[in-house]
Number of protein chains: 2
Amino acid sequence: MDHRAETLRAQGALAMLRCAHRTPGITRAEAAARLGLSSGSAAGIMGRLRAARLLAEAPAPQTGGRGRPTAVLVPHPDGPLVAVVDITHATWTVTTAAIGGALAAAPVHRLLGQPASAVLPLVREALAALHGPRLRAVGVAIPGTVHGRTLIEATNLRWRGVDLGVLTSLPLAVGNDASLAGVAEALRGAAQGVGVALHLTVEVGVGGVLIVDGRPVLGAAGAGGEFGHLPFGDPSRRCPCGAGGCWDLEVDGRAMARHLGRRAPADPRAFAERTIAAARDGDPAAAAACRAVAAALGRGVGALINAVDPAVVTLGGLGVDLLDVAGPALHAATAEGVMAWRRDALPPVVPAALGSQGPAIGAAETAMALVLTEAALTA
Amino acid sequence: MDHRAETLRAQGALAMLRCAHRTPGITRAEAAARLGLSSGSAAGIMGRLRAARLLAEAPAPQTGGRGRPTAVLVPHPDGPLVAVVDITHATWTVTTAAIGGALAAAPVHRLLGQPASAVLPLVREALAALHGPRLRAVGVAIPGTVHGRTLIEATNLRWRGVDLGVLTSLPLAVGNDASLAGVAEALRGAAQGVGVALHLTVEVGVGGVLIVDGRPVLGAAGAGGEFGHLPFGDPSRRCPCGAGGCWDLEVDGRAMARHLGRRAPADPRAFAERTIAAARDGDPAAAAACRAVAAALGRGVGALINAVDPAVVTLGGLGVDLLDVAGPALHAATAEGVMAWRRDALPPVVPAALGSQGPAIGAAETAMALVLTEAALTA
DNA sequence: CCTTTAAACTCGTCACGCGAGCATATTGTA
DNA sequence: TACAATATGCTCGCGTGACGAGTTTAAAGG
């Protein structure tokens, strides 16, 4: 509710900055046209952004056409950076991203069942090594339920109730990996430019996020997107989350094992990969298990289409493989799960484009959103 | 993506206008303080808004304190209006709302099983009678699935595939009654000032909406919020929507009749009212049916809390009565349906505050949102 | 009747975007 | 090689809207 002149005055520069971030490699002339700015205004804004060490310009690749060449907008060499912490079930990585979203290369560290108390000090140290005037915010992606800055529970990591606020004193955004992958798909992946997109990542269980106009809908404390704990499954089956009938239990390696008459696997993710590989190699039982799981996934996708009316659905993680080996079963179940009137105009259900980079890219975007505000310009 | 001076220049006035709309009866001094405006700026803005015939000022009730009295912001007598069409299963009403959200009184017309082809010309006529320079937009609330401006299906009305765009040539917003009631609760009712609120209305089936920062999350074409068609129920039970296992079938008069061993009622809404009345009068079978339905409602509420993480849940329609006659069963089922870590900090589940006015108020707000843009100021 | 208080009004200043006109860099053609 | 065509950047005067300081106004209190 702040409408003072200070805030309003920065709007033009902020819009240019966000445009350069969202569309890396855009030229100044193109950006000005998109924002409806005159060339004079664009000159003024770029002058201020360069003076503020936020953006710079580089010679554009020749277009071959006539006319004075324009310049591409690039992040300023002294411009703001965000740090990205990407924690998976087996690894952790700390890297940085600049305006434009490009992630710097960084070493991948093994994690292997270590407790949070062993890993977080190392992460904190890696973040401290990046500290400096350019670093403005930190984004963390983690495979578990997140509430504010707290990791409620990460089953794969066997971490519980971990406060991630201790990692840094900078502005911090913590997010569930599946949700952040959805943010990434909407901004840089398969759902770019779509007004309302639903993303689902299947790993062990299923999570995701609804994206509206590029912003994630994650609820009061960022704990939304736990679609795997909607009771789309058998109500008599208890879920480790404490509820019953969770969709989670129907769509991953645990479900595949049940369909194959096997014991619950210790590593459901690895079991699912093996089953999918077997299905690809022609094993009929594995293929049937994949179809059954794909159908359970598709059924839930249909239900969520009813509830949130997305223009596109992106599937990540095992969802990519399930689309590949059991696409027809998945799509058929989706069609059966939606209200009848939708069946002749279903939103496309497509594989995610960013693969395992999704969570890190989403964390970078979320952290950068904290930076690209008028406060960042004044500072 | 438009950041031209024209657009930016109106921002201060627009903020003041929206503030006056959102908070009827607010004083100029209070509004200026909220927006962070100096008294000089407020004077300038109010001068322009008065000249544009958008807002006026009226003497404020005396505060008893010292100092020069301020004025309350009121809608200009020649200011913009929106028309509201409220269609229920049994009635239709056409009225108007001004800035501030107050609905004018209007006659209620019976509907009684008439087809859309009989009713819509009357509605169109009633809207035409309101036409004039003050009328800027129309909002329609209707009990059925809405996709863009088309009513896909309204089971109660027995209307299908009706294009409501024919009602007017003005800007038009069509919405599902349950979703619009949620909009109303968030802006004027039990969820005011809450960042993320979930509203559910139970009538025949259950619908609703998620509200984030005062804006409804309704998907790509406004067809979201059909939470009743999430498969939280018995998968073997077919739903008229074409899918199976819909939650709709577990939470209304149809479900109560099943629990009582009765045939499916012709009017599930009336049957539910009778059953609830009987439960209030001490009928143990009716009370048990109410508890069973309340539990099915509560279970789904818990599931949706997992998925969208609302700060508050408002229940409208029969939900108000179920909270009254079977609140403990409902709350217990909610607690059982959420992930265990949530159980000691569940969001409040409260009755809606606006009753049967909800859809109309929501339609007025949605239509007014079309008007309170910079385009409306320049015109 | 004067003081205190809170808010409205007045006016000079400043920042930003606009638009017009000019300058510049590239391609295409004579 | 020179010049036209084209697209873009740069400069400058103008208008708008918010700010802030100072002044005025309308109430309550003594």
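Start by selecting Val82(A), Val293(A), Val82(B) and Val293(B), which touch the most other members of the largest nonpolar core, a set of 251 residues. A nonpolar core here is a set of buried Ala, Val, Leu, Ile, Met, Phe, Trp, Tyr and Cys residues joined through C-beta atoms within 7 Å, where buried denotes 20 or more other C-beta atoms within 10 Å of a residue's own, exposed 12 or fewer, and partly exposed the range in between, with C-beta atoms placed from the backbone. The model is predicted, so local features need pLDDT of at least 70 and side-chain atom pairs count only at pLDDT 80 or more, while totals for chains, interfaces and linings use all residues. Residues are numbered from 1 along each chain as its sequence is written, and chains are lettered from A and ligands numbered from 1 in the order in which they are written.

Next, show DNA strand D. It is surrounded by 32 residues, the closest being Gly40(A), Gly67(A), Gly12(B), Gly40(B) and Ser41(B), where a residue counts as near if its C-beta atom, placed from the backbone, lies within 6 Å of the strand. Helix H1 (5-9), helix H3 (28-35) and helix H4 (39-51) of chain A, with helix H2 (11-22) and helix H4 (39-51) of chain B, are the elements giving two or more residues to this surface; helices (H or I, at least four residues) and strands (E, at least two) are DSSP runs numbered from the N terminus. The surface near DNA strand D comprises 10 nonpolar, 15 polar and 7 charged residues, with Ala, Val, Leu, Ile, Met, Phe, Trp, Tyr, Cys and Pro counted as nonpolar, Asp, Glu, Lys and Arg as charged, and the others, Gly among them, as polar.

Switch to DNA strand C, where Gly12(A), Gly40(A), Ser41(A), Gly40(B) and Gly67(B) come nearest among 32 residues. The surface near DNA strand C has 10 nonpolar, 15 polar and 7 charged residues.

Now colour the open sheet of chain A, whose 5 strands follow the order S5-S4-S3-S6-S10 with mixed pairing; strands pair if DSSP finds at least two bridges between them. Strand S5 (109-110) and strand S10 (172-176) of chain A stand at the edges with a single partner strand each, so one side of each has no neighbour in the sheet. Strand S4 (residues 91-98) of chain A runs antiparallel to S5(A) and is joined to it by 2 bridges, with Trp92(A) opposite His109(A).

Then select the interface, where 46 residues of chain A contact 46 residues of chain B. Helix H9(A) gives the largest share of chain A's side, 4 residues, and by class that side has 28 nonpolar, 11 polar and 7 charged residues.

Finish at strand S12 (residues 205-212) of chain A, where 8 of the 8 residues are buried, so the strand is largely enclosed by the rest of the structure. Strand S11 (residues 196-203) of chain A is joined to S12(A) by 8 bridges in an antiparallel arrangement, and Leu198(A) has Leu210(A) as its bridge partner. On to strand S13 (residues 215-217) of chain A, antiparallel to S12(A) through 3 bridges: in their hairpin, with 2 residues between the strands, Asp213(A) takes a positive phi near 50°.

Methods. Contact = placed C-beta atoms within 7 Å.
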